Amino acid sequence: MTTVTNKTDNTGDVRLSGISKTYDNGFTAVHPLDLTVPQGSFFALLGASGCGKTTTLRMIAGLEEPSSGTVHLGEQNVTALPPYKRPVNTVFQSYALFPHLDIFENVAFGLRRRGIKSVKKQVEDMLDLVQLGEQARKKPHQLSGGQQQRVAVARALINHPKVLLLDEPLGALDLKLRRQMQLELKRIQTEVGITFVHVTHDQEEAMTMADTVAVMNAGRVEQLGSPADLYENPRTTFVANFLGTSNFIEAEVDTKNGDDIVLKAGGGKLVLPEARCSAPTATGGKVLVGVRPEKISLTHADDAGDIPEGRNRITGRIADSSFIGVSTQYVVDSPVCPEFEVYAQNIDRDARLVPGTEVVLHWNPAHTFGLDAAQDIDAGIQEEAAV
Amino acid sequence: MATLTEAPPPLTPTAPEKKPPRKRGRLVPYWLLLPGILWLLVFFALPMIYQASTSVQTGSLEAGYKVTWHFATYWDALSEYYPQFLRSVLYAGSATILCLILGYPLAYLIAFRAGRWRNLIMILVIAPFFTSFLIRTLAWKTILADGGPVVGALNTLHVLDVTSWLGMTQGDRVLATPLAVVCGLTYNFLPFMVLPLYTSLERIDPRLHEAAGDLYAKPVTTFRKVTFPLSMPGVVSGTLLTFIPAAGDYVNADLLGSTDTRMVGNVIQTQFLRILDYPTAAALSFILMAAILVMVTVYIRRSGTEDLV
């Protein structure tokens, strides 16, 4: 064995080529999919339940046989290998700890199966890493949900897998514990440097933890990128709605002005940087103009003259407002968009902004993105409440 | 939005109804238990006491029996009928092991592999109960009859040579041999093994199998380290439900066996119903009961089931 591990080592790459899964009953859970997860990254598969993310993960683990395509770990084609021969480990949803074994033996299970005799030191070190040294001789059912979750992580990590697969590992925990474990998992991943592939339906979880997120919908990857990139430059309405909230205005391409496109919406004009438009931009074409609620400023109609030039603006009437501490959320009824959402920081609150007030909404054109108008505006909404 | 002028709702709306529990309410569980207790008293405790007293009586049918605390009956019964006791344990033990060997794969299949056939197979397992125990055992008499297809096949395959050498059969016969009795017991008590095994296997989360596979356990190791240990409650209750009634059974030995295969159940039956020696019959019953109690206690202690989930 060489003593120095090469930094550009790619043995922990996960490469999926044309992988798909169709069940006997004809249901296609995953459509042919190409995906490369680079060594050492924290990768999240994000989507609503039934979108194929768990099936994809199970195909990497070998628990599900792909209908087509191949799975490579580094240079090795593992498509035909049974799970117990693959250098990957899984943290299962609801953990799947062995109820008849104590914590120590649960963690030692993988080592013992590989014929390693002296496991004591390793298991104790691993239990210390997840702060469960005291609980070694307890049975899984004697631990709390958060502790069980850490046992599941320890049981997988102790085998030094090339890739760690996490299947909704935090789904069963309450909100506060979930936030804490997210940071904990991120810390462990940074410490051990193993490739993590994390499946979740919680967009906030994916954004907090992952370097790269693949948003899945109906068995396909809708978009892949860094959390900030997905949030700022969604390419489909599904991604725009699934990650946070978006407002859409249906507009028609009017002219081009340098790098910008000028669009007609209602009676007014909107400006959109061409680089941020994923739709065709021929004159007369329809485009969905999107903008995030927190990018928008709200000004009372009487003060409309104070708004600087060069900003996109639309008019409307406040339909509802709710104060939630760090910000105030307004719903504005506008001729171009019936329920326009605006989140305003509570820095200089204008006391006149109450429901029924006529207002002008304005934002920097650079914060505008354009999508193909031929898709469902509401795709990806509501998933947050489900599951 | 809610206004704050309203008083907050009381935290525990049920609080005002909380009065000190009435006596009648506390007694309800005991009233509910009463029918069961009465049943046990009349049909279990009283007969036991009656039999216990019978076992220490002396006398004759003509002169009547009297309690004389004649404990020697126990010793006499044991020294005369110990071969039948040993045979009972041996036959019941063999049948239990055979049931486990046959029943485990069946229960495993139903629990994990049967899919939509699960209910059908379960019905097939229970179906024999729709016919009387006696009729089914008599059917075995026909199946194992001399010169019948089963005996012919076993003979051709030279299986009977092996079993004869082991002392389980004699010559070309299967009927009226220990093998026939053990086969009958195995057949009759198989469902009592399969049902508890199925119940405990079915409770195992299939993800535990996946987790074991994911942690480098081959399918055989997964079975040895995860599935089997988790099915131990089923193994223990299945073996008990098979062994205990099989050890006291006399129908199989009576119909499928011969005078050389008499079990303790046969002796008790004969003593009670033909010879009418009630004290000996009662003493034999108590010895059998005590022996089974001891064996079961040792078995449960050693298998350590109280440790399991």
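This is a predicted model: local features need pLDDT of at least 70, side-chain atom pairs count only at pLDDT 80 or more; totals for chains, interfaces and linings use all residues.

Me: How do the axes of helix α12 and helix α13 of chain B run relative to each other, roughly parallel or roughly antiparallel?
Reply: Helix α12 of chain B covers residues 264–275 and helix α13 of chain B covers residues 278–303; their axes come within 8 Å and cross at roughly 155°. Angles over 145 degrees count as roughly antiparallel. Therefore α12(B) is, relative to α13(B), roughly antiparallel.

Me: Which residues of α13(B) make the contact with α12(B), and how many charged residues does the contact have?
Reply: On the side of α12(B) the contact is made by B:V264, B:V267, B:I268, B:Q271 and B:F272. From α13(B) come B:Y278, B:T280, B:A281, B:L284, B:S285 and B:L288. By class, the contact of α12(B) with α13(B) has eight nonpolar and three polar residues, and the number of charged residues is none.

Me: Is the crossing of α2(B) past α13(B) left-handed or right-handed?
Reply: Helix α2 of chain B, residues 72–113, packs against α13(B) at an angle of about 65°, with the axes 9 Å apart. The two helices are therefore roughly perpendicular to each other. As α2(B) passes α13(B), the crossing is right-handed.

Me: How many nonpolar residues are in the contact of α2(B) with α13(B)?
Reply: In α2(B), the residues B:T73, B:Y74, B:A77, B:L78, B:Y81 and B:F85 meet B:P279, B:T280, B:A283, B:L284, B:I287 and B:A291 in α13(B). This contact has two polar and no charged residues, and the number of nonpolar residues is ten.

Me: What is the orientation of α2(B) to α12(B), oblique or roughly perpendicular?
Reply: The axes of α2(B) and α12(B) are 7 Å apart, and the helices pack at an angle of about 135°. Roughly perpendicular applies to 65 to 115 degrees and roughly antiparallel to angles over 145. The orientation of α2(B) to α12(B) is therefore oblique.

Me: Which residues of α12(B) make the contact with α2(B)?
Reply: The contact of α2(B) with α12(B) divides into four nonpolar, three polar and no charged residues. From α2(B) it involves B:Y81, B:Q84, B:F85 and B:S88. Those of α12(B) are B:V264, B:G265 and B:V267.

Me: How far apart are the end C-alpha atoms of residues 281–300 of chain B?
Reply: An unreviewed UniProt entry annotates several spans of chain B as "transmembrane region", among them 89–112 and 281–300. Residues 281–300 of chain B are 100% helix and 0% strand. The distance between the end C-alpha atoms of this span is 29 Å.

Me: What is the distance between the C-alpha centres of domain 1 and domain 2 of chain A?
Reply: The domain assignment of chain A gives domain 1 as 14–232 and domain 2 as 252–372. UniProt, in an unreviewed entry, lists residues 14–243 of chain A as "domain: ABC transporter". The C-alpha centres of domain 1 and domain 2 of chain A are separated by 41 Å.

Me: Which element gives the most to the side of chain A that touches chain B?
Reply: In this pairing, 16 residues of chain A are in contact with 17 residues of chain B. Both β6 (88–91) and α2 (103–113) of chain A supply at least two residues of the side that touches chain B. By class, that side of chain A has ten nonpolar, four polar and two charged residues. With three residues, the element that gives the most is α2(A).

Notes
Residues are numbered from 1 along each chain as its sequence is written. Chains are lettered from A and ligands numbered from 1 in the order in which they are written. Axes are lines fitted to C-alpha atoms, for helices over the stretch in contact, and angles run from 0 to 180 degrees between N-to-C directions. Helices (H or I, at least four residues) and strands (E, at least two) are DSSP runs, numbered from the N terminus. Angles under 35 degrees count as roughly parallel, over 145 as roughly antiparallel, 65 to 115 as roughly perpendicular and the rest as oblique. Two residues are in contact if their C-beta atoms, placed from the backbone, lie within 7 Å. Ala, Val, Leu, Ile, Met, Phe, Trp, Tyr, Cys and Pro count as nonpolar, Asp, Glu, Lys and Arg as charged, and the others, Gly among them, as polar. Domain bounds come from an automatic or database domain assignment. A crossing is left-handed if the near helix is turned anticlockwise from the far one by less than a right angle, and right-handed if clockwise. UniProt positions are given in the numbering used here, feature names are shortened, and annotations may be inferred rather than shown by experiment.
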